Amino acid sequence: MIKKVTTHLSQNEALLFERSSPGKKGYQLPELDVPAVDAAEALGADNVRAEIPGFPEVSEVEAIRHFTRLSTWNYAIDHGMYPLGSCTMKYNPRINELVARIEGLAWAHPYAPESLCQGAMEVMARMEAALAEITGMDAVTLQPAAGAHGELTGILLIRALLEKKGNPRKKILIPDSAHGTNPATAAIAGYAVQNIRSSETGLLDVGALEKMVDQDVAALMVTNPNTLGVFEDHIMQAAEILHRKGALLYMDGANMNALVGMARPGDFGVDVMHLNLHKTFSTPHGGGGPGAGPVAVKKALEPFLPTPRLKRVGKKWAYDYKRKQSIGRVKAYYGNFGVLVRALAYILAHGGPGLRNATMDAVLNAVYIRKQLEPYFDLPYSSPNMHEVVFSDDRQARLGVRTGDIAKRLIDYGFHPYTVSFPLIVHGALMIEPTETEGKLEIDQFVEAMISIAKEVETDPEMVKNAPYHTRTSRVDEVTAARKPVLRWKG
Amino acid sequence: MRYLPKSDSERRQMLDVCGVGSPEELFAHLPEAVRLQRPLDLPPGISEYEIVEYFRSRAAENANGYASFLGAGVYNHYRPVLVDTVVSRGEFLTAYTPYQAEISQGTLTQIFEFQTMICQLTGMDVANASMYDGSTAVPEAAMMAVRATGKGRVLVAKSVHPEYREVLRTYAKHQGMPVAEFGYAADGGTLDLEDLERHMDGLTGAVIVQSPNFFGMVEPVKAAAEIAHKRGALLVVVFTEAVSMGLLTPPVDADIAAGELQSFAISPCYGGPYAGILATKEKFIRQMPGRLVGQTTDSRGNRAFCLTLATREQHIRREKATSNICTNQALIALMATVYMTVYGKEGLRELAEQNLAKAHYLAGKLKTRFSGKFFNEFVVRVEGRTPEDVNKALLKRKIIGGLPLGRFYPELADSMLLCATEMSRRADMDVVAEVLAGAAVESSGAIKEVLA
């Protein structure tokens, strides 16, 4: 019995190009108040195109209907829970959208004179300070555009510090439970990747670490809590081992939502970390971006941060471009300012005590789900979890139903799937992160749905394997999409 | 708190199920030494009204009510109302990356349309679902060209946006990817093709040029392509002013187009978030970084879209991926998609023509430094005063002048880069011309005497 959803009419909609007809318009420009210029003359005839072949021609009415209809084909947080592990899909407060559109912020040009950007600079300075306090670190750069971009910045900082000490070293250690961005980042920063196997409890194997860290190891990249949602309780010991041998500790802050206000990476030995503002700090995912990936560091790494840095000159903010040891720029201008504004609005709304309460509710929700689903799904690691919980499909796989099938069936119950088949150290993982912005009713419905599916697997596994049934689009043929790529409309 | 949807009694019931007396107990397993023993040193939470007040006050400390002639990679273009109407829909705003195709067809269809329009604009065969921005699209394009050619050296024109070149250097430094620069012609302000020839060798995998370039000049892309191709390198063409593509011949001779879409309804927003593009020829698809959406069918035989060719990406290939990039700029790319839809085929051209007309009107009143063809930006030499002094005079007239170039080009310390768009008013342009002419007048003693 599915209580949360029922079917309703869904509008069909052609592609823009199929809707086009020559001469239809959705715009009107003002009358030109200067003489028109002959393009061929001004630009050279060879430099002027005849037309943009195939470009859409639709009216304003058709344009709004087109995008509105498309929008109704999406699932979104505004519809309901998104139990995606490690993705921290929390509510996106609308006040964040409003303040980011205030004209004096939204239309600030990055090259306007500093004297006319003091408000924007103050926002960034306040954000840097807030993130430094939350992470327990000494300095923050807001320049990286997303989490993976922050990772790259962080690893380049480590390289710069080690280089200055005489040897950049060759390898980065990465646990087998890590996100794919970690090894990909290390490679771009010119490091070899060495995997470090998790212990039987799914945690960092400190004994193995002790043996692996040598003169070639630049850093360990660790996610804490790790991708099982478990806090690495030997993290301080790991930091001690690394520091003793001249290496550094990088923390992937993807799971910071479990720690804000409760524990600070700077206090447990982390040297450099990134934050995903679109996760922990509520800025919208927007269907896959934009993000922002600020990087927080200890004092020793501060001289290497990307240019420019904010500095106080008297009563004014200014930029410091003269930083000889800097790794350079990782992005034009100063960062994804619009995302920073939204995240700061979120921090202001919660305040210090509120952020801590949010963390507690996030963990409560995850533990509550675990307690209720444990009888129905295998839990490969029994350590206490924090903001997320990872089950395995072992029990269901015996009946031929895999985690991906259960996920698709969950759609019929009105939920977005959890994270499927990650982390890789869990066989057939079901990775569930509710976040603090789900209430008891929504979570209870999710738990009921998961239990109901577990029972369906026992009674009718074939039915589960062909789900979803209630979506306007049924299972999509991804194999053909990759084998015969059609990546643009050709008419 | 308004973002925490639980009553005390619900929280109590949930704690009971978890078998703990308080939420703090859920953290009891954390080692004592790692726990924060004090409250965060951040003020208590505030209301919506106070948040709006805070940001309005900050906005008031920025430029308000100024006309601006700044471009240099970030342009003032009108944003049609439809753009925010569409991107404010929660179904787009609050959706996740469309990995679950069955419930993400809205985003997937729109990205497919985006990819198509970027191909139509750039004359390329395939475009990805967007990059962080133009500045980071450049090193990704360089890395792609290096992978495709097996040659590690990169040549970039000095007329490419200086901050883009800085980003390229940061990325390249540790990948065994030496970056060298070649010059621009001192009179034309466009590529010094002889200097490019001089710098070319058999080890160069990528030649990177920008058109219109940082000075607003239209570059000889075809000639640059010939030089690059002759020695087995790929040509990457960068753009920062997407509106120019309403008029300019697309860079069909290039192998990769890497650009910035900020002009397409993305507010300047003090430098971001924007959306970058990467587009290329069919044969380089598998070297391409970033997300791609492809067309397929669902099990009922209906047209459907999904993310595809993921074997290039970090979540599958890890350290062997084409890039570490994970996110794209979906919501920002959606803004650009709506913008391209609203203007469409005729509108983008008309818009480009207005930009051309405005910039040429302003330039006509001044002496441009370079003789090349330009779109909506150009360089002027300031006589008698520094560009900074001229800007100070303009600020008094509520006008933000052009970008003084000395900061990026010491040889152009006496020059500024001016930009006019469809938003530039004739009256403001007349003031800019008047103030700049005033500078010239003051510098000329002879004229002063005549006036006296």
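Predicted model: local features only at pLDDT ≥ 70, side-chain atom pairs only at ≥ 80, totals over all residues.
Strand S11, residues 377-381 of chain B, runs antiparallel to S14(B) and is joined to it over 5 bridges; to find one of the partners, show B:Arg381, whose bridge partner in S14(B) is B:Ser415. Strand S13, residues 403-404 of chain B, is also antiparallel to S14(B), here through 2 bridges, and B:Pro404 has B:Met416 as its bridge partner.

Now move to B:Ala142, one of four residues, together with B:Ile208, B:Val236 and B:Ala336, that touch the most other members of the largest nonpolar core, a set of 319 residues. Leaving aside residues up to four places away in sequence, B:Ala142 touches B:Val154, B:Leu168, B:Ala172, B:Met177, B:Ala206, B:Ile208 and B:Val236. In soluble globular proteins, nonpolar side chains tend to be buried together.

Finally, turn to chain A and colour it by its domain assignment, which gives domain 1 as 16-71, domain 2 as 95-348 and domain 3 as 357-465. The C-alpha centres of domain 2 and domain 3 of chain A lie 30 Å apart, and the contact between these domains takes 18 residues from domain 2 and 17 residues from domain 3. On the side of domain 2 of chain A that touches domain 3, selecting by class gives 8 nonpolar, 9 polar and 1 charged residues.

Definitions and conventions:
Residues numbered from 1 in each chain as written. Chains lettered and ligands numbered in written order. Pairing = 2+ DSSP bridges. Helix = DSSP H or I, 4+ residues; strand = E, 2+ residues; numbered from the N terminus. Core = buried A, V, L, I, M, F, W, Y, C linked by C-beta atoms within 7 Å. Buried ≥ 20, exposed ≤ 12 C-beta atoms within 10 Å, placed from the backbone. Contact = placed C-beta atoms within 7 Å. Domains from an automatic or database assignment. Nonpolar A, V, L, I, M, F, W, Y, C, P; charged D, E, K, R; others polar.
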